[in-house]
Amino acid sequence: MGVGITLVCTVPLVISVTADAAPDLLLSRGRPVLASSVQSPGTAATLAVDGIAETRWTTGAAAGSQWLRVDLGRTQKVTRVRINWTAAYARGYRIQMSADGAAWSDAYATASGDGGVDDVKRLKSAGRYLRLLATQRARASGFSLTELQVYGPGPVVPGAASTGSPAAATGLTDPRKKELAFQLVSSAENSSLDWRGQFGYIEDIGDGRGYTAGIIGFCSGTSDMLAVVGEYTRRKPENKLAKYLPALRTVDGSDSHAGLDPGYAGAWRSAATDPVFQKVQEDERDRMYFNPAVTMATTDGLRALGQFAYYDAAVMHGVSGLRGIRAAAMRVARTPKQGGDETVWLSAFLNARVAEMRTEEAHSDVSRVETAQRIFLRASNLDLDAPLSWRVYGDQFSTGR
């Protein structure tokens, strides 16, 4: 009997949806999905689009509406949606479409759902994203369905599914994603993707922070350059920068070069050829900025894009500044860990970041957010998958796979 059910419920790629309609294509199979919540890893959002009748997506038990969002890969015309509910069906729900994953319009709505199979036909909607918004539950335990199938004329965009669950997230702990994050920061800090070529970079860019130098722009006025030179001296006491430590302590917190000129810049460039100094720069970058930012983002339930957004904010504003931006975003949105939508949260975070940047004249150009991170977010590239293309401070950059 179980085999028979499987044969009935497993839908082939091309079907005839009604006797009087042209064949439509199944657009949702294996596409990336996000969910407002999941009951457990065994009921993940991906299981709603895997084509297997025995698997299911089940929400957590929290009160309120729940949703499942499918990225169709491109703007698609949608003519039919088929929902296979379990006993935990929705009495009230909406089928919504969006071009950007943020602004939604109803394609269909009902307050009289009765479970089983809902086959909603003759829809006339279009968008890249389709969301099933369940608003009224039949059981107190939540909502659950075995399949959400979306049909239209196509063409079908193939792609691997993603749960949107923090436990299954792709993050910057992946060495390839970490490298990509460093390239993205370098494009803004050094106008180059070659971050390893920036160990010897040093100049005063006139932002009130004194000298800016190295792979992420350590500054003589913000303590991190002092930390780098101090650690370098601890590891290698006889080095060309050690004699400048008293001056670095004096100018910390200001834009002054007192005690540093005229020889400090040349000494930095010379030290940058030393593998010990290079390793110190990398270690201090990770200790002061990368690790705290990624830990904070992971705790908030964010994947690679969100982790990078936190890291880039930490590089510019410091970890304390990152916390302030996060606090501002929390006034208008919830993190995924708190049950919020990841895209909505990141949009709020980027808005708060831009507002903070515009309070500083030196950072009034917000392109490292608006024409980089915001572009990735609008494309729903929450895993920061290559290839990427972006602009920052007037320069165009791209990375391959």
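The structure is a predicted model, in which local features need pLDDT of at least 70 and side-chain atom pairs count only at pLDDT 80 or more, while totals for chains, interfaces and linings use all residues. Residues are numbered from 1 along each chain as its sequence is written, and side-chain values use heavy atoms, with hydrogens and water left out.

**The chain as a whole**

- The secondary structure comes to 9 helices and 16 strands, taken as DSSP runs numbered from the N terminus (helices being H or I with at least four residues, strands being E with at least two).
- Along the principal axes, the C-alpha atoms of the chain fill a box of roughly 85 × 40 × 40 Å.
- Of the 401 residues in the chain, 53% are buried; buried means under 20% relative accessible area, exposed means over 50%, and partly exposed lies in between, with a 1.4 Å probe and protein chains only.
- The chain exposes about 17,100 Å², of which carbon and sulfur atoms supply 53%; accessible areas come from the Shrake-Rupley method with a 1.4 Å probe, and for residues only the protein chains shown count as cover.
- Among the contacts with a separation of 6 or more, 66% are accounted for by residues 24 or more positions apart, a contact being heavy atoms within 4.5 Å.

**The open sheet β12-β13-β14**

- Three strands form an open sheet in the order β12-β13-β14, with antiparallel pairing.
- β12 (202-204) and β14 (218-219) stand at the edges with a single partner strand each, so one side of each is left without a neighbour in the sheet.
- Thr212 is found in strand β13 and counts as buried at 3% relative accessibility; leaving out residues up to four places away in sequence, Thr212 touches Tyr201, Ile202, Glu203, Ile205, Asp207, Gly217, Phe218, Cys219 and Met225.

- β15 pairs with strand β16 (residues 395-399) in the antiparallel sense over 5 bridges, and Trp390 stands opposite Phe397 in β16.
- The two strands form a hairpin with 2 residues between them, and Tyr393 in the turn has a positive phi of about 55°.

- Helix α8 (residues 342-357) has 16 residues and reaches 22 Å from its first C-alpha to its last, close to the 22 Å expected at 1.5 Å a residue; the expected span is 1.5 Å times one less than the number of residues.
- Asp341 caps the N-terminal end of α8, with a side-chain oxygen 2.8 Å from the backbone nitrogen of Thr343.
- The buried residues of α8, including Trp345, Leu346, Phe349 and Leu350, pack against β3 (33-35), β5 (66-78), α7 (304-330) and α9 (367-378).
- Trp67, whose place is in strand β5, counts as buried at 10% relative accessibility, and its contacts beyond four places in sequence include Leu34, Trp57, Arg131 and Asp341.
- Trp67 and Gly259 are 192 residues apart in sequence and 60 Å apart in space, C-alpha to C-alpha.

**Nonpolar cores**

- The largest nonpolar core has 79 residues, and those with the most contacts inside it are Leu241, Tyr264, Trp268 and Tyr311; such a core is a set of buried Ala, Val, Leu, Ile, Met, Phe, Trp, Tyr and Cys residues joined through side-chain atoms within 4.5 Å.
- Helix α7 gives the most to this core, with 14 residues.
- Apart from this core lies another, of 28 residues, among them Ala45, Val78, Trp85 and Tyr93.

- Ser186 lies in helix α2 (residues 175-189) and counts as buried at 0% relative accessibility.
- Gly230 has its place in helix α3 (residues 224-235) and is partly exposed, with a relative accessible area of 28%.

Notes. Polar contact = N/O pair within 3.5 Å; in protein donor to acceptor, adjacent residues only side chain to side chain. Pairing = 2+ DSSP bridges.
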